[in-house]
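Welcome, and thanks for opening the viewer. Keep the selection panel handy, and we will go from stop to stop together.

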There are 2 protein chains.
Amino acid sequence: MKFLHTSDWHLGRQFHNVSLLEDQRAVLEQIIAYLQENTIDALVIAGDIYDRSVPPTAAIDLMNEFVSRVCGELHVPIILISGNHDGAQRLGFGSEQMKPSGLHILTSFNAMLSPVIIQSDIGEVAFYGMPYNDPEQVRHHYQVAVSSHDEAHQYLAEQIEQTFDSNRNNVLISHCFVDGAMESDSERPLSIGGSDRVNHEHFAGFDYVALGHLHQPQKKGQEYIRYSGSLMKYSFSEQHQKKGMTLVELDQQGFCSATHIDLKAPHEMRIVEGLLEDVIANGKVDPNNHDYVLVRLLDKHAILDPMEKLRHAYPNVLHLEKPGMLIGVDQEMGKARLARGELDMFKDFFLEAKQEPLTTEQEEAMSRIINQLTHRDEADA
Amino acid sequence: MKFLHTSDWHLGRQFHNVSLLEDQRAVLEQIIAYLQENTIDALVIAGDIYDRSVPPTAAIDLMNEFVSRVCGELHVPIILISGNHDGAQRLGFGSEQMKPSGLHILTSFNAMLSPVIIQSDIGEVAFYGMPYNDPEQVRHHYQVAVSSHDEAHQYLAEQIEQTFDSNRNNVLISHCFVDGAMESDSERPLSIGGSDRVNHEHFAGFDYVALGHLHQPQKKGQEYIRYSGSLMKYSFSEQHQKKGMTLVELDQQGFCSATHIDLKAPHEMRIVEGLLEDVIANGKVDPNNHDYVLVRLLDKHAILDPMEKLRHAYPNVLHLEKPGMLIGVDQEMGKARLARGELDMFKDFFLEAKQEPLTTEQEEAMSRIINQLTHRDEADA
């Protein structure tokens, strides 16, 4: 029995005002190609299908096309749950009517307790989808006193285990923050101060646990409790993460192996660091200079319109940091002050803007103005 | 062969800031009861399922429950198209996957040309769903030069007729403004100045045409080209309309009969007219005083907080008109002026607020103030 575990697609996401939809489309094509070339019993998506509860229609179209090809043409069942970014009710409309076609959208506690049964070479495997939930929802639905994500997930896992059939292997799909796992910048916190953490031991009774929410592929506590990680990188903090999906092979005894399958977005997301001149020189010969880059400039002088200059080398530079400009903050003054004086900054600017230095006369005039402004500033403070 | 033709459900609509969802739920229960008690081959909804492209989740839940009961439990197929209020792409997600369950959501031109085939006692009947469209969409999709709704719908009808199978009867479902039909206040205009009108003759080749968009049940040109009207009243202008659904019986020769089946919302929508005192007296003994009412007060004097007073008699009074207060507009002055002078208005107000008349002294003081203000006003003009 083989299935693919993926999560955190975030279709329709914008990144620094750039739509990632065409990158997402390209990665989905890789999943389809894999399904065409391999015999796979099911595709699992562990939540955050869309980036928000009311996704852009272009993202809905992309997902619609994907499910039509995978369920309709390849006849591979898709089993997905809603994540904290999804609108469970919007995503779940018509889900009862979709089941006969092999599209299983599990967005409610009722749906959670009716496992999707997949026939395979090891017999029936039951897939239980636990949609994203917070303790309040569990309290309200079951009228039980659970006060944390941990207690809520423990309670839900117990509810599911009561429906186990001993002739089946059991897979759980859940979207939550399992304790001790590694975070990335692109995940939206489920709650503040660590109260969102869930102990992996609640899930120990399943044969495999397909987790979503965290964007870094990783296992938690056991080999068979895993995050597949997100479809692609969604923040520069993920620049060194390997993105992809997890191929899970399950045998009748409940032993499983998990293999990472790479997925590669057309544009990498990475950080480029150096002096402006060097970054531009490197970019011009960089074969991957169309990547989405964050440039961290180490120059210590002011630069006029650096983004415009960088775009000649890296057309998709999305963000700029200039840590060098902030070195030497004057803490004794009780306020941030740039290391270079105002006059030096203006001289840099003038040189960039006019392509010639200040004359002595201009420099003296500027110096007087800055002095006047500085003194007035301090009198105000 | 019998099917029900309905349209313009507008689930999730607000009316004067009141949610109509519970009224809508009650009317949907009447449809379900009818389907339980009668043998019906299909239920048609000719567009405007929801009131807006991103409907409230409570409306989605209501619709989801309805389709699960009708398709899932009663096994009656539902065939629906998107109207101008619906978001076609949002509504259409997963529609390919829903078809095997008997839920046919037709929201694209491609879906329009694949009729839903219903087996019946007269053989196969083909239901073609023409989703709401404007000429721009038709121009773009088919690359043809159509410049009006009329030309666009003629073109689409021709496309459909080319797919006709002579062994079948053919039903068209369309959401448009067929020429000469009667409007209500609650329809959103499709375009300005009558360019949205479509000639009914384009649809003459079908055996029945199930129209949506106009809220008044009516036929157009032929007995078999009909609007079912909206699920319930959505404006006070519809107070005298009979709301319901159309039961269509079709024989093999293509003859059809259409019968109006009443649907009754728990709250009627109606206009109550009279003097405040009379309206309140009548309301207190009105067995239907929980209806949604617009009160048109004929009193000619000012009344303090009339809504509050009316609510004791009509708890769901939603709107108030006081045409009597505007009689005698002074047109020679070039500005609207109330028939009653300011002093008289203030005397009405004072009596209402304090339950006692002005003293002579108070009246003189008020008169002086009004005079001053009036003269200043005229000096400014």
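**Salt bridges**

Over all chains, the structure holds 38 salt bridges. Keep in mind along the way that this is a predicted model. For one example, select Asp262(A) and Lys242(A): their side chains meet in a salt bridge, with 3.6 Å from N to O. Colour by secondary structure and you will find Asp262(A) in strand E16 (residues 256-262) of chain A. Its partner Lys242(A) sits in the loop between strand E14 (222-227) and strand E15 (244-250) of chain A, so picked out by the rule is a link between distant parts of the chain, 20 residues apart.

**Where the chains meet**

Next, show chain A and chain B in two colours. Here 22 residues of chain A are in contact with 22 residues of chain B. The area buried between chain A and chain B is about 2100 Å², and carbon and sulfur atoms give 60% of it. Now select Arg90(A), Phe93(A) and Gln97(A), the residues of chain A that lose the most area to chain B; together they make up 37% of what that side buries.

How many salt bridges does the rule find across the interface of chain A and chain B? The count is zero. Polar contacts are there, however: eight residue pairs across this interface, both residues at pLDDT 80 or more.

To see which elements take part on the side of chain A, select helix H2 (57-73), H3, helix H4 (95-98) and strand E6 (103-106), each of which supplies at least two residues. H2(A) gives the most, with seven residues. Colour the residues of this side by class and they divide into eleven nonpolar, eight polar and three charged.

A search of the whole structure finds five cavities of 30 Å³ or more. The largest cavity holds about 320 Å³ of space. It is lined by 20 residues, and those closest to its centre are Ile60(A), Arg90(A), Leu91(A), Arg90(B) and Leu91(B). Select helix H3 (88-92) of chain A and helix H3 (88-92) of chain B to highlight the elements that give two or more residues to this lining. By class, the lining of the largest cavity has eleven nonpolar, four polar and five charged residues.

Notes: Residues are numbered from 1 along each chain as its sequence is written. Chains are lettered from A and ligands numbered from 1 in the order in which they are written. This is a predicted model: local features need pLDDT of at least 70, side-chain atom pairs count only at pLDDT 80 or more; totals for chains, interfaces and linings use all residues. Side-chain values use heavy atoms; hydrogens and water are left out. On a 1 Å grid over the protein atoms alone, a cavity is a set of points where a 1.4 Å probe fits but cannot get out, and a pocket is an open set with protein on both sides within 12 Å along at least five of seven lines; lining residues have an atom within 4 Å of a point. Grid points are joined across faces, edges and corners, and a volume is the space filled by probe spheres set on the points. Helices (H or I, at least four residues) and strands (E, at least two) are DSSP runs, numbered from the N terminus. Ala, Val, Leu, Ile, Met, Phe, Trp, Tyr, Cys and Pro count as nonpolar, Asp, Glu, Lys and Arg as charged, and the others, Gly among them, as polar. Contact means heavy atoms within 4.5 Å. Buried area is the accessible area (1.4 Å probe) that two parts lose on being put together, summed over both. A salt bridge is a side-chain nitrogen of Lys or Arg within 4 Å of a carboxyl oxygen of Asp or Glu. A polar contact is a pair of N or O atoms within 3.5 Å; within protein, one must be able to donate a hydrogen and the other to accept it, and residues adjacent in sequence count only if both atoms are side-chain atoms.
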